Amino acid sequence: MQLALIDYVVFGGYCLLIVTLGLWVSRGKKGQVRDAEDYFLASKSLPWWAIGASLIASNISAEQFIGMSGSGFRLGLAIATYEWMAAITLLLVAWLFIPIYLKKGIYTMPQFLETRYDGRVRTLLAVFWLLVYVFVNLTSVVYLGALALKGIMGIALWQGVLALAIFATVYSVYGGLKAVAWTDVVQVCFLIGGGLLTTVLALNAYSGGEGVIAGFSKLLSEVPDRFNMILQPGELIYTDDGGMQQDAWELLPGIGVLVGGMWVANLFYWGCNQYIIQRTLAAPSLKEAQRGVAFAGFLKLLLPLIVVVPGIVAYALEAPIGTADEAYPWLLNAYVSPGLKGLTFAALIAAIVSSLASMMNSTSTIFTMDLYRNYIRPNASQQDLVRTGRIVALVSMTIAVILAPQLASLDQVFQYIQEYTGFVSPGVLAIFVLGLFWKKSTPNAALISAILSIPLSALIKWVLPGMPFLDRMGWVFVISVALIVIVSLIEAKGKDSSKAIKISRSIIQTDPLFAILSFAILAITAALYVIFW
């Protein structure tokens with residue numbers, strides 16, 4: 001993509017703004033010694049709008065802009081179910097999960113598991129999360145971002161990987177969550193504004209200059225098969241790069257996305273995921289946390305217009321691309337005019353670096369608070385914890401940079417992320433759900449569920465290779481719940497656990513504004529599914 005001088009000015013201004021803001025909010029008062037709460041939880045001072053913006057900026061990255069647009073190219077609007085169902089999931093998490101987490105005063109998700117079960121469960125899940133964050137999340141986001149840079153600017157893949165890694169670490173490693181969250185407020189403005197601009201320009205070009213509405217109407221009439229939210233077996237068949245015929249239903253199994261494994265994926269991601277929940281843990285009150293989550297829910301309803309529709313436009317335009325994940329960069333090259341490319345490019349980079357910064361921070365939080373402080377230096381000072389967190393963030397990014405180019409053979413990296421995270425998520429979600437809401441679940445039962453999640457997923461994948469991975473996640477979750485119930489009943493002989501959480505109305509509560517926002521989100525989501533059924 002040829003960038004004009006104004007594009008370089010816009011993009012350079014964005015980079016300067018983010019780094020300056022990140023370093024500015026990271027500064028401390030003269031003589032102040034930064035402690036773990038300041039570094040990992042932003043001193044528990046984030047307002048609702050910063051929480052909501054940071055949730056979305058952390059969530060939306062290259063895997064959405066590049067990966068989800070690629071899936072939009074292959075599968076159409078059906079892939080938007082990840083976004084629209086996430087809006088409902090956010091409400092459940094804000095209502096049922098977050099009040100308990102805040103009441104416990106925790107730093108990390110593994111720490112909660114120790115307060116509910118024991119140290120063995122905490123340690124095992126901490127290791128699980130570290131492996132997923134470094135080898136799946138960080139690696140895939142760096143790769144997809146570098147792939148975008150390669151398609152847009154023609155730079156080598158390894159150069160893009162290195163540039164993104166350096167940009168994300170410049171401000172986030174020093175400032176911790178405070179720097180990440182406050183820069184996310186600016187990042188989300190860029191990624192939504194620039195993302196919408198790309199969609200508007202693409203639809204206008206597709207309509208022959210007749211406007212966005214005309215372009216969208218033309219899409220509906222000319223590629224109606226790309227606007228079905230509920231797919232049926234054999235409805236949409238495409239060929240991947242290897243010449244293999246693939247049924248879209250294998251990835252999005254019809255009604256199963258509404259009643260099956262999609263709930264496992266969403267509840268695990270939004271309710272048990274460190275780099276998501278960490279923002280709400282940094283809220284000064286439950287009211288601020290819940291309002292921030294509701295704000296994020298509204299933004300999730302908007303996101304398919306930014307990250308899915310462009311892929312559908314690229315499909316309708318018969319984009320000459322090798323892999324589906326090249327759809328978004330191709331669109332920027334073909335239809336975004338000079339003068340605006342800098343803004344759309346900044347939007348894409350904003351999505352990437354904000355997610356990288358969040359993942360690094362959460363990786364360092366888990367390692368420092370769950371492993372380093374527990375096993376390596378139990379008496380570590382606050383300064384030592386902060387220093388260790390910074391070192392771990394750098395190490396995790398270094399590993400991701402080394403591994404990222406190995407993903408180049410994949411056609412849809414977004415599906416890769418979802419499927420292989422799904423090897424861990426069912427068992428972990430079962431541990432959390434029963435730990436939160438069933439008083440009899442025991443540590444040994446939780447440990448068994450955690451250990452067997454990956455082998456069970458692998459076994460079902462081997463025995464039933466044709467089963468959609470979302471359905472497989474649903475079944476593994478059901479089996480995991482059954483295992484925890486059976487083992488707990490045998491072990492505890494029907495007695496409540498001594499660490500059981502006592503749920504009361506004083507803990508599970510919401511304010512009237514959150515209730516109003518929740519009903520609005522539910523109504524809009526239902527209307528969208530009715531329209532695009």
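Author: Contact here means heavy atoms within 4.5 Å. On that basis, and not counting residues up to four places away in sequence, Thr388 touches Phe367, Thr368 and Tyr372. The model is predicted, so local features need pLDDT of at least 70 and side-chain atom pairs pLDDT 80 or more, while totals for chains, interfaces and linings use all residues. Residues are numbered from 1 along each chain as its sequence is written, and side-chain values use heavy atoms, without hydrogens or water.

Thr388 belongs to helix α17, residues 382–403 (helices are DSSP runs of H or I, at least four residues, numbered from the N terminus). With a relative accessible area of 10%, Thr388 is buried (under 20%; exposed is over 50%, partly exposed in between, with a 1.4 Å probe and protein chains only).

Helix α17 also has a share in the surface. Together with α7, it supplies at least two residues of a nonpolar patch. The members are Val127, Leu131, Phe135, Ile391, Val395 and Ile399, with about 480 Å² of accessible area together. Such a patch joins nonpolar side chains (Val, Leu, Ile, Met, Phe, Trp, Tyr) within 5 Å, or like charges within 9 Å, among residues with over 30% relative accessible area and no salt bridge. A salt bridge puts a side-chain nitrogen of Lys or Arg within 4 Å of a carboxyl oxygen of Asp or Glu; areas are Shrake-Rupley values with a 1.4 Å probe, and for residues only the protein chains shown count as cover. Phe135 lies in α7 and is partly exposed, at a relative accessible area of 40%.

Helix α20 spans residues 443–463 and reaches 30 Å between its end C-alpha atoms, close to the 30 Å expected (1.5 Å times one less than the number of residues). Even so, α20 has a kink of about 40° at Leu452, shortly before Pro455 (the angle between axes fitted to the seven residues ending there and the seven starting there).

A bend of about 135° falls at Gly176. Because 36 of its 50 residues are buried, α8 is largely enclosed by the rest of the structure.
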